Amino acid sequence: MTAQFSIVLALLLLVCGASVALVFDARQRRMDRQIEIALSTSTSVSAPSIRRAKTEPKGLFLHRLANYKAGMSQVIRPLYVLLAGAIAAMAVFYANSMMLEYSLLYVSVAAFIVALMVVRGLFGWQRRRLVNQLFRQMPDTIEMVTSAVRSGLPVGEAFRSIAREMPQPTAGQFAILCNELNLGRPVEEAMEDIYRRTEVAEYGFFSVTLAVQMKAGGSLCDTLQTLADTVRQRVGMADRATAMAGEVIFSSRALSASPLVVGALLYLVNPQMVDLLFTDPTGRKLLAFAGGSVLTGTLVIRWMVRRSTKL
């Protein structure tokens with residue numbers, strides 16, 4: 001019992017240290033970005049390339065391990081995500097002490113894996129949610145810019161209108177862009193920075209379009225209208241892909257729920273047979289193995305569906 005308490009205490013200390021590191025690193029990155037914007041004297045003559053954007057934190061193994069991206073707005077604060085991982089690890093220790101009684105080494109490895117999966121899953125869910133919202137709001141965003149430019153307003157004023165009138169998270173991203181413009185940053189670089197923060201490819205196309213138009217001239221309205229139509233078609237393709245994968249998603253959920261349904265029916269027919277899974281040590285281990293297998297299969301199916309429907 002003392003050894004388990006020591007491991008739980010070590011996990012809590014590790015989570016606290018990781019949370020402090022994440023908070024201080026995010027604060028330092030914000031300060032570095034503000035200083036870079038304020039002191040920027042870049043006069044790039046070439047159009048920005050969306051291929052040079054970094055999609056992972058620079059040299060931070062902790063961020064890669066936790067699937068955390070600094071600078072991206074979070075629905076759930078990182079400290080709460082790490083706390084959820086610690087609770088999941090403690091739940092594994094508690095379940096082992098009450099039912100399974102595996103060795104301390106195996107339980108420690110399982111607790112670390114479960115905590116890591118919970119943390120990575122929550123950060124990944126927030127990232128996918130943000131990207132999906134920005135992607136679906138992108139056609140309306142471009143339409144607002146096109147309407148403003150056709151009415152004679154400058155592009156910067158169109159961006160301010162988006163920051164005031166569009167829903168979140170697009171309004172928040174363009175509010176950051178407007179602050180950068182007020183500090184003197186070029187429009188195309190500020191737009192490219194949105195792509196770097198959110199990893200939405202359409203914002204990379206948007207920044208390249210603005211850069212080419214400002215360097216070479218031409219009708220910005222027609223170009224943006226073409227981009228808006230292309231993005232709207234991509235949104236429609238994403239909806240059709242999700243609809244086509246609906247059968248697979250339903251099947252995966254049915255397969256995940258079938259063990260619970262079958263177990264409940266067996267308990268109604270013969271309760272003594274099902275009670276062995278909770279009272280006998282071998283039955284508890286079999287129950288834990290079955291639950292882990294079902295959960296792993298569900299996660300693998302979700303990962304495959306997400307990869308097949310991603311544009």
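Q: Why does Arg 232 count as partly exposed?
A: In this predicted model, Arg 232 has a relative accessibility of 37%. Since buried means under 20% and exposed means over 50%, with partly exposed in between, the value for Arg 232 places this residue in the partly exposed class.

Q: What makes the contact between Arg 232 and Asp 229 a salt bridge?
A: The side chains of Arg 232 and Asp 229 come to 3.7 Å, N to O, and because the cut-off for a side-chain nitrogen of Arg and a carboxyl oxygen of Asp is 4 Å, the pair qualifies. The two residues are three residues apart in helix α9, so about one helical turn separates them. Asp 229, at 35% relative accessibility, therefore also counts as partly exposed.

Q: What makes the pair of Glu 202 and Arg 234 a salt bridge?
A: A distance of 2.5 Å between the closest N and O atoms of Glu 202 and Arg 234 meets the requirement of being within 4 Å. The pair links distant parts of the chain, with Glu 202 in helix α8 (residues 201-216) and Arg 234 in helix α9 (residues 220-244), 32 residues apart.

Q: Are Glu 202 and Arg 234 buried or partly exposed?
A: Glu 202 has 2% relative accessibility and therefore counts as buried, for the limit is under 20%. Arg 234, at 25% relative accessibility, counts as partly exposed.

Q: Why is Gln 126 called buried, and which residues does Gln 126 touch?
A: Gln 126, whose place is in helix α4, has a relative accessible area of 2% and is therefore buried, as that value is under 20%. Not counting residues up to four places away in sequence, Gln 126 touches Gln 74, Val 75, Ile 76 and Val 81.

Q: Why does Leu 105 count as exposed?
A: Leu 105 lies in helix α4 and has 59% relative accessibility, so this residue counts as exposed, the threshold being over 50%. Leu 105 is one of the residues of a nonpolar surface patch, whose members together have about 900 Å² of accessible area. Helices α4 (104-150) and α12 (281-309) each supply at least two residues of the patch, and the largest share, six residues, comes from α4.

Q: Why is Arg 253 called exposed, and which patch includes Arg 253?
A: Arg 253, in helix α10 (residues 246-269), has 59% relative accessibility and therefore counts as exposed. Together with Arg 128, Arg 302 and Arg 306, Arg 253 forms a positive surface patch.

Q: How many helices and strands does the protein chain have, and what percentage of its residues count as buried?
A: The secondary structure comes to twelve helices and zero strands, and of the 311 residues, 34% count as buried.

Key: Residues are numbered from 1 along each chain as its sequence is written. This is a predicted model: local features need pLDDT of at least 70, side-chain atom pairs count only at pLDDT 80 or more; totals for chains, interfaces and linings use all residues. Side-chain values use heavy atoms; hydrogens and water are left out. Patches are made of residues with over 30% relative accessible area and no salt bridge: like charges are joined within 9 Å, nonpolar side chains (Val, Leu, Ile, Met, Phe, Trp, Tyr) within 5 Å. Accessible areas come from the Shrake-Rupley method with a 1.4 Å probe; for residues, only the protein chains shown count as cover. Lys and Arg count as positive and Asp and Glu as negative; His and the chain ends are not counted. The place of a charge is taken as NZ of Lys, CZ of Arg, CG of Asp or CD of Glu. Helices (H or I, at least four residues) and strands (E, at least two) are DSSP runs, numbered from the N terminus. Buried means under 20% relative accessible area, exposed over 50%, partly exposed in between (1.4 Å probe, protein chains only). Contact means heavy atoms within 4.5 Å.
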